[in-house]
Every structure is written in C-alpha cells, then in structure tokens.
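Keep the sequence and the 3D view open as you read.

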Amino acid sequence: MNVLKPALSARINGAEQLLAGDPARRLSHVLREDLGLKGTKVGCDAGDCGACTVLVDGEPWCACLTTAAQAAGREILTVEGLSDGPISALQESFLRHGAAQCGICTPGMLMAAAALLQRVPSPSVAQVENALGGVLCRCTGYRKIIAAVCDAGRQAAAPALPVAGHAVGAAIERLDGLPKVAGDESFGADEWPEDALVVRAIRSPHHAAAFAFGDIASWKRKHSGIEAVFTAADIPGRNAFGVIPPFADQPALAEEAVRFRGEAVAIVAGVATAMRDLDTSDFPVIWKPIPEMLESQAAAAPGARLIHDSREGNVLISGMVVAGDADKALALSAYVAEGTFETTHVEHAYIEPEAGAAWMDGDTLTIRACTQAPVMDRDDTAAVLGLPVERVRIIPAATGGGFGSKLDISLQPLIGLVALKTGKPARMVYSRGESMTSTTKRHPARMHASIGADKDGRIVAMRFAGDFNTGAYASWGPTVAVRVPVHASGPYRTPNYHASARAIHTNAPVSGAFRGFGVPQAALMQETLYDDLALGCGIDRLEFRRLNAIADGDRSVCGQEMKGAGIRECLDALVPAWNAALERVAAFNAVSTDRKRGVGVASCWYGCGNTGLTNPSTVRLGITADGNVRLHQGAVDIGQGSNSVVTQICADALGIPVAQFELIGGDTALTPDCGKTSASRQTVVTGKAALLAGRALRETILRMGNCGQDAVINVDAGRIAITEGEVRREIGLAGMPVDANGYVLCAEETYDPPTVPLDGNGQGKPYAVYGYGAQVAEVEVDMKLGTVRVVHMTAAHDVGRAINPMLVEGQIEGGIAQGLGMALMEDYIPGRTENLHDYLIPTIGDMPDIESILIEQPDAEGPYGAKGLGEHVLIPTAPAILNAVRHASGARITRLPALPHRVLAAIREAGNAS
Amino acid sequence: MTYFRPARLGDALSWLKDNNGRIAAGCTDLFAVTQDSRLQGPVLDLTGVNELRGISEETAMWRFGATTTWSDVVRAELPAAFDALKCAAREIGSLQIQNAGTVAGNLCNASPAADGIPPFLILDASIEIATLEGRRTLPLTDFITGPRQTTLGAAEIVTAILVPKTAAAGRSAFRKLGARRYLVISIAMVAARLVLDGTKISSAAVAVGACGPVATRLEAVERALAGQDAESAAALVTDELVARYLSPIGDIRADAGYRIEAATELVRRAIGECTVTDTSEVAA
C-alpha cells in the first residue's frame, strides 16, 4: 500500500493535536511523552489501576489500553483540561474533603468522576462507586473521594485558613493539595532532563540462581542506541546497601548469584527511542537455577542451604522481651487460649511504581526520585557509588504512596551509576511487575501463642513466638524482629510475658517495612486469642478488653511506666457503637439464614519512632529580609500530611498564620535531616522539632522587641511588628545581616525522642511516645459461599492531639482499607501475583462506611500532646474483621487472607466441632 | 504497514490474507500482556469498521456485531432473556474496560474466566465468521475449544455473535463470584435462563464459567429443571448434577472443591433470581 497516510490527530482538551509516530502506541504514552500532558498517570499499563483514565468522547477509558489510532478523530479530555480557570468545582471538592492524599490516583479519579457528573450532577454513593470502581487508590480508603464527588455540585467557598495561634486542631485543606488535584504534581516519572538516557534493568526470572554473563559487548553492538551496559563489576563503591547499616547486604546489582526473583544483575542505558521497547530477552546471561527456599520453615530447618554464609541457620536476627515468669503464670491461669496464626506476603501496591532521574551537577550526583527517606537514600547511594555523601544530592519527587517500601533505595544507585559513569542524565521508571517483584513486602509470619487469664478475666501471662520470613536480604528485618516482641501483648496489662521473634532468610522477596513492622501480624495472633479467652470466661468481648487495657502507671512488657495511655478511653468510646452493632446483627440474623452478620473488636498500640535508638529530626525556620517565612520541612510527605501537620505545629509555636509559611521540602542540599517517613514518627518527632524551632524563633523575635510571651507577632514585607497590649514595636529586616542560608532571622532545632535501649530481656524504654486505638468491625458472611462483606467500621484512635482532624480521618480510613485488604484478599505469591489483577487490593466498592472517633489523651512528650497515627490505624482492622467473621459464622480464621474458600472451610469446621 | 485500521470489512479481510497479523479491537487483553509502549505489529484494528459494531434485531435472530462494546450491551434495549448478558457486561472489569472491550474480543480471547461466555452460552449463541471467500457460522460451544483456544483460522474474522429468537425467550440472571467488588477475575460465574409456562419451567439453560478449561452448559441440570415447578426449582440443583460438567483447577483464587460447591450455589441463586422476578411481576 503505497499511499501517503494522513497524519493522525485528535482534539485534546479542546485543541487539535497531532498524534505523531506509531499509531499502535498507547495513548498514555503519546500524552505523556509527546504532548507533555503528564497529569495522566501510568500505574500498571494493563487496565488494572485506572490511574491513566481519560475521557474519550466523554466516556472514561484507560489511556494505557487505547492506541493512538483509536484516539484519532475523537475528543480527548485529560485532567489538564478539567477546568478553564484554576480548578473546577470537582477539584475544589476533592481538596475540601481531603480526597487526595499522595495524589497519584487523583487525576484518574477526577476523570472518572467528571464523566459521571456530566450525566448525573448529584450522584448517589452507589452511582459514585460504580463510576469510580475502575480506579484504584491505596491511600484514602475511598470514603473521602466518594464524599467529594457527591458534594461536587455544591458551591462552597474554601474555608479560610486559621488565624495566628489557631492552626493546631484545625481541619484545614492540605497545604500541598492544589497541585495534586490540578494534576500538575510532579512525581518521580514526571520530570527528567532533556535527552536523559533511559535505563532498564535485567532481572532474575529465578528465585535462586548462579549466573554468568556472555558476550555483553557484542549484544550491545547488535542494538543501536544503547549507550552503556553496567554490571556489578562497574560499581565503584561497596556493592551492599541496606537501611540498617550494620546489616547492609543487598547488592545494587547481584554478583555471581541471585537470591530472589526480580533481583537486578545488569542495567542497560540508551536513548529513549532505542530503549522504549527494547527486547532484552536475548541479553547474554546464563542462569544456573538453584532449588529455592521460599518458606521460613524450610529455610530454618536444620541443614538448610544458607542464603548468606555468615548467617547461621538463615536467622538474620532474633528479638526477645521477657517479663515475670510466663510459663509458671500460664500453668496457674484459670483460662488459657492457645493457637497459631499464619500470614502471607503483602505488597504495598502504591499506584506509583518507582521512578526518578539522575544527573551530574558539576561534581555532584543529583537524584530526583520518589522516596520516604532522602538522607538515607543519599548515604546508601553514596556508599554504593563510592562517593562522599557531599557529592550526592537527593531531591525527593512527589511520592505516589510509600507505606514503608520507599524507605529502601531501589533505582537510585542504578540511575546514579549511569549518570556518574556516562556523565549523561539518566531516567528510569519501573514497570508494575518490576515494582512488585523487586521491592519489599510485608513479612509473612508464622506465629504461635498462649495467653492466660485468671478467673475474673484478667490477663496474667502471654507466651509468643513468631518466625518472620524476611526474604533474601536484611532490609528492615531487624526492626520487625525487635518491634514484634515489644508489641505482641497489645495495649493490655500483661505481667508475665515471654515473646520472641526471628527474621528468617529465604529466597522470597525482601521483606521490609510495611505500615506496622510486623505488629499487625502479631495483633492478629493476640486479638484472636483474646476472643477465645473472652468466650471462655463468659465476658463480653469489648468488656474483656476494657478490663485489661493498660493504663497510666502500669508497666509495659518492657518495664516502661506508661504515661498518656489512651486505650481505655478508645475502648470506652466504642461502647455505644459496639452495643448498637450487636443489636443490629442480632436483628439481622434472626431473619437471615444464608447471610449472617457479626461484630468484632481489636485494639492497637504502637510506639512512635525507632525502638530504643536515636532518631532525631532537625527543623530550620527562617525569615528573609523581605519578610518571607520559610520552613525547611524535611519530613517527606508521601500523602500522609506532614507538610500540613508540621507547618500547623510550627505556625502556632511561632505565632503567625499558617498561610504565611513557604515550605522547603526534603532536598538534601537545602533542608536538614528530618529522618525517615516511617515508624509513625513525623508528627511526633519532626513536629516536635518544628515546635521547638517555632518557639526559638519566637523567643528571638520577642527578645529583640523586648516583649513578653503574650505579644503578637506580625511578619510583613521587610519588617516584623510586635504588639503587646498598647505597646507596638517594629523590627526592620532590611538592614539585618543575612546568614549562609539567606535568612536574617533563623532558628534550627533538633528533637530526638528520649528512649532507653532495651537490655537482653527487652527491658528498657523503647519509645518516648505511644499511640493507641481500637476498631469495631461489622461484617456480613455469606454462609454458603464464604464471602465476607465489611458493612461498617467504627474506629476510635487516641492521637493525643489531632493537629489536623481531616488528615487524621484520612489516615484512619486509608489504614482500614489496607487492613481490610490484608484480612480478606491480599496474597503476594512470588512468580504468580506480580500484577494488580492477580494481586487484589480493595476497590471503592469494598470499603464500608467508617465512623472515626478521635480521642485526645495528651502525651507530655508529643508536640501539643500529639501522638503518631500512621501505622496504628491499620493494626486493629484485620483482627477486628476476623473476630467479626467468627461472631457471624463461627469460622475461626487462622490463615490470611480470608478468601471465600478458606472462610467456607472454617465455617464447616466450626459446624462440625459444635 | 504494521498497524492497519480499515473502515471496511473487505479491506480488513484482504489485509489479513496478506499479513500474518493479530486482530485488535478493545485492546484490553492485548495491551495487558505487554510492557511495551505499543502493540507490536502487524496489527489489524477492527474498531474502524462501522458495520461490525452494534446490536440489531433480525427476523430470526439478534445480531451482536463483533466490536460491540460491553457498554453498548448495557445501553441496548433487549428482551429479558438478555438480562444475564447485561449483568455480565456490567461486571466485566470496570467502566473503562467495558467502554473499550468488545463482545467478540472476550470470546476470541477465550479465557476460562471470561465473564461474557456463559451468558452467550445460555442464549444458544453462534459465531459468524468471515473470510474473503464468504461467511460461516458455528455454535459458540464449537468455537471455543480450550483455554485461550478457538477454531478461528488465520485469515478469518469474527463478524458477529448471533442469538436465535428461539433462545431470546424467558428470563435470565448472572451471578459472579470474586474476592472483591470491582476489577476482579471470577472465581466462578453462572448464567441461567428459564422459560416459564405459568408456574412451570418449560425450558432451562444454565452455564458455568471459570470452573474448567472452557465455560460449559449444564445439560443435566437443564433436564432436571424442565417441567418442574418454578418456585421449588432451585432446590433441585444438586452438587452431583453440577459437578459432572466441571473440572476446576485449584489456584490462587480458590481450591477446586470450593469452586464446584460455589458454582452449585450460584446456579441455585441464579435460578432463584429468574423465578422470583417472574413471580413478582405476575403478582404485580
């Protein structure tokens, strides 16, 4: 066919655009790469996540499943075209309701919602669920998104930001929210230097294998446009990284052998056009597979092959906490419950696969990538690349969800190596499969425990032992092994206690940090046994927990005297919801046979920050000669809200309105270290540093004005006015000396929570601050199919002080969504569920109504009394749901996830036993 | 030319004869299995062929053009016998998938878990296939021969799915079982269609998917139901009657034994739904 084809074009956001290049290209690719419309996000390239949803002639389509040819001649609308003005009413509603957290799914959600609203201006919840069912969100738990869409038709003015001194406690819109709803937030994949080389990794298809390379030079010659191929031999520094330096063991590129499926052995860098669809199946690597050990049982068995020669018995580490005499007390207990529990790998499944770019800025290697821990990234990358840390700069990109996995470096040393070696900028975006196979997971756990109570139902003893499958490399395995014994008692008085946990190496994916560091697994064990005990003692299950709730003055299992313990208050607050739910389900069950409803409760406690180890944050607050107030806020906001919360705290400490703050993010060249966004520490630790910095600067200003504590500070252009009663003083900023950071006034404060390291028996003061919570789940079980629907959740969380109640609710709802997924559907199987259609996370239709009850039992140490929350919110969900399933159906689930076939089998088992 | 998107079926057939290409329509399956930025050619995209899209009523049959999307099915005015098909259409992936995915694509992809197949099975559907030489039709049951296997020849294009008027009678229902609400691959799914004569079942059609290499009609169940009282029909469905047609695998979604049990229960519920709806309308 020798005919000149007319060029393809489409009307995109109202303007005719050429769709150049191959007509078989994905529309998502054309939009992002050719037209610069990067508001359309790519989460899976398979239609599983809906992040790339655009409107084609008014209907939602996945741009990743649409060819350019199919888009031609059509009307395409992307997030960039949603509004002629700044943002549309729908986008405003998203902001107002806190419907965007990390923001990566937001454009897809907005487009799906826009299509609905065109047809149905005031949709019902069910209509919203049907319309948005094809877009996955991992942060929000969807409820605020539903509320925002239902409310989009309402014209509402944005609530005014609070005046000076009233930021703490105000449910303000997130301060960094506008770009998230506008679609111009810049994530790891959204920015790169022109002509950056595209980097791809060659990864192991085997769980365990020795390997050798063939003739890489001639392979490279065969493929035009390839600039470089690098292997472990090219790594200039120490080819072993890890979040906990003494355990650093993971090679950036494997040497001679791979220990898990998806481990990288080489990287290829080349010009974008050559790399785009490069077929690497003929890359010259010869694999010699080794029989793999994927389960901790096999790896811990005597004589098992060692994954790391230096780690005997494949035990990375074990942790233990001992108080009193558990065995003796158990023997004397009136009631003893005993059982086992098994959990599986859980994938973080953030909608943003890892992505970033690297370039040389003079001598400095600069990496802009998604992350939860910029300074740790810098240090680990520098070590791998043999650079002093001063020569590595990390600029955190907006991060599209992390939940623990983006604490570990992923592509940073790979793109860094390319930039360093070639001198050219480099960029890399993980595919969904690559993200799932190569990054960390929640530890699968095999646990056994016994808990004893006296005749009145008071807990007297607990014995717990757990093996945690830590996978091929150390990552956060040590943290899990330490945190679990500290927390396995739950927030309950447990005078006699023996808990141990081991992190076992296998050829499974690296298990790392995931919201709760092993504590959610342990809570499943403990809370299941608590229901056994309550049933055995004949005490109402909520009452049983209230009876045993740890209180101020009690000693924890680590011997720490508890202060500000709010678990009893949480449980008390749940009593009305609990009683109402019990009544509701009894009424339902009286007339329903095929479906039964049930209610369950579970609690959490969680120490904020590192366990008995230093973990400081440093906050810098400066005022320029022009009167600009800049907060160097290095706590990476991955959607949880630290940009807002830390600013709110600092604003009140300084005594000026939050609206006046300019935020400087966690760029390692600009901002002091605020540590990692993990361990529920940012509100407490960075928040406290921000409080101290705000106060320090306030004191400096008051001293300069010779005014007392109650004076009012006003920062204006070029001057600060201080008013105290009738007295008004002014400080002119213009003539003042400017410091190295560009400030005429500056405070920099560090806070490190006071802890005492644990001794050999796990005794000490592991955390300065704990947060608490409890949740009631109401579920419906299909007695013939074993399916479970969560009908309602009531969550009471003691946050000490809710700095921003809307963000607190957002955390609770998002944590519940992940807990629900863990309980009912999530099962990462290496080699089998490496995509988002085989690995299931909750959709918008799986989430129940959630009622949040915020308890504010202040903590003396936390800023304005605040406690951490990020991980707490996930911990009670799964056990509360399972306890409700049991209440409904009799099914006692001891293995996650509670898929329909497992629930039905457990119902049968319960029926046979009774 | 590696990507061809003709406007006419004749051009499509000619191209296919000369090129050993893949046929694309909604691309929801083709793009899902590659990480590439494009479909690697040669590709024949049928979505530009207008005559292949749409639902029409003919003298003796209903014709579903091959590239009719699942959203088209949802929006179409169809007799109650197609309720199962419509329900299945709403359960396929998400709105995004339903807007792109086509009826023939779902059948040609021939996934054992394809939600579109059981509803067409209970409608006695046939597949119309065109080549440059002419057209042929064959029953859907003969078209899909195994997991991701059909009898479609290299130079052939599915042009339509045909439902005889004789089968477009009665009421139907579809039940899908998955571990979450949206975007879920079925553990099992069932379509059932009952034709009632007063309170008696005059004929029944029941099909199960995701419980064997191909979706299948449950003829023994259908025979057992014929002539029975509609109200008590669901109770006549036994594990034994259902199980003999199924050969499920145990996989990540469920074990094999569960699939049989669940399928049986879903059959009961689908039949119950067909009869309840009917009764209520009679009562009203």
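Asn13(A) sits in the loop between β1 (9-12) and β2 (15-18) of chain A. Helices (H or I, at least four residues) and strands (E, at least two) are DSSP runs, numbered from the N terminus. Asn13(A) has a positive phi of about 50°, although it is not a glycine. With 16 C-beta neighbours inside 10 Å, Asn13(A) counts as partly exposed. A residue is buried if 20 or more other C-beta atoms lie within 10 Å of its own, exposed if 12 or fewer, and partly exposed in between; C-beta atoms are placed from the backbone.

This is a predicted model: local features need pLDDT of at least 70, side-chain atom pairs count only at pLDDT 80 or more, and totals for chains, interfaces and linings use all residues. Residues are numbered from 1 along each chain as its sequence is written, while chains are lettered from A and ligands numbered from 1 in the order in which they are written.

Arg148(B) is not a glycine either, yet has a positive phi of about 60°. Find Arg148(B) in the loop between β8 (144-146) and β9 (149-150) of chain B. Arg148(B) is partly exposed, with 15 C-beta neighbours inside 10 Å. Most residues other than glycine have a negative phi, and most peptide bonds are trans.

## Two cis bonds

The peptide bond from Leu896(A) to Pro897(A) is cis, with omega near -10°. Pro897(A) is in the loop between α22 (877-889) and α23 (900-913) of chain A. In chain B, the bond from Gly41(B) to Pro42(B) is cis, with omega near -5°. Pro42(B) belongs to the loop between β2 (22-24) and β3 of chain B.

## A helix pair in chain A

How do helices α3 (residues 89-97) and α6 (residues 143-150) of chain A pack? They meet at an angle of about 140°, with their axes 8 Å apart. Axes are lines fitted to C-alpha atoms, for helices over the stretch in contact, and angles run from 0 to 180 degrees between N-to-C directions. That makes α3(A) oblique to α6(A). Angles under 35 degrees count as roughly parallel, over 145 as roughly antiparallel, 65 to 115 as roughly perpendicular and the rest as oblique.

Ser93(A), Phe94(A) and His97(A) in α3(A) meet Lys144(A), Ala147(A) and Ala148(A) in α6(A). Two residues are in contact if their C-beta atoms, placed from the backbone, lie within 7 Å. Six of the eight residues of α6(A) are buried, so this helix is largely enclosed by the rest of the structure. Among the buried residues of α6(A) are Arg143(A), Ile145(A) and Val149(A).

## Inside chain B

Leu52(B) is found in the loop between β3 and β4 (55-57) of chain B. Is Leu52(B) buried or exposed? Leu52(B) is buried, with 22 other C-beta atoms within 10 Å. Leaving aside neighbours within four places in sequence, Leu52(B) has contacts including Leu9(B), Leu46(B) and Thr159(B). Leu52(B) and Ala7(B) are 45 residues apart in sequence and 9.9 Å apart in space, C-alpha to C-alpha.

## Where the chains meet

The contact takes 39 residues from chain B and 49 residues from chain A. On the side of chain B that touches chain A, α4(B) gives the most, with five residues.
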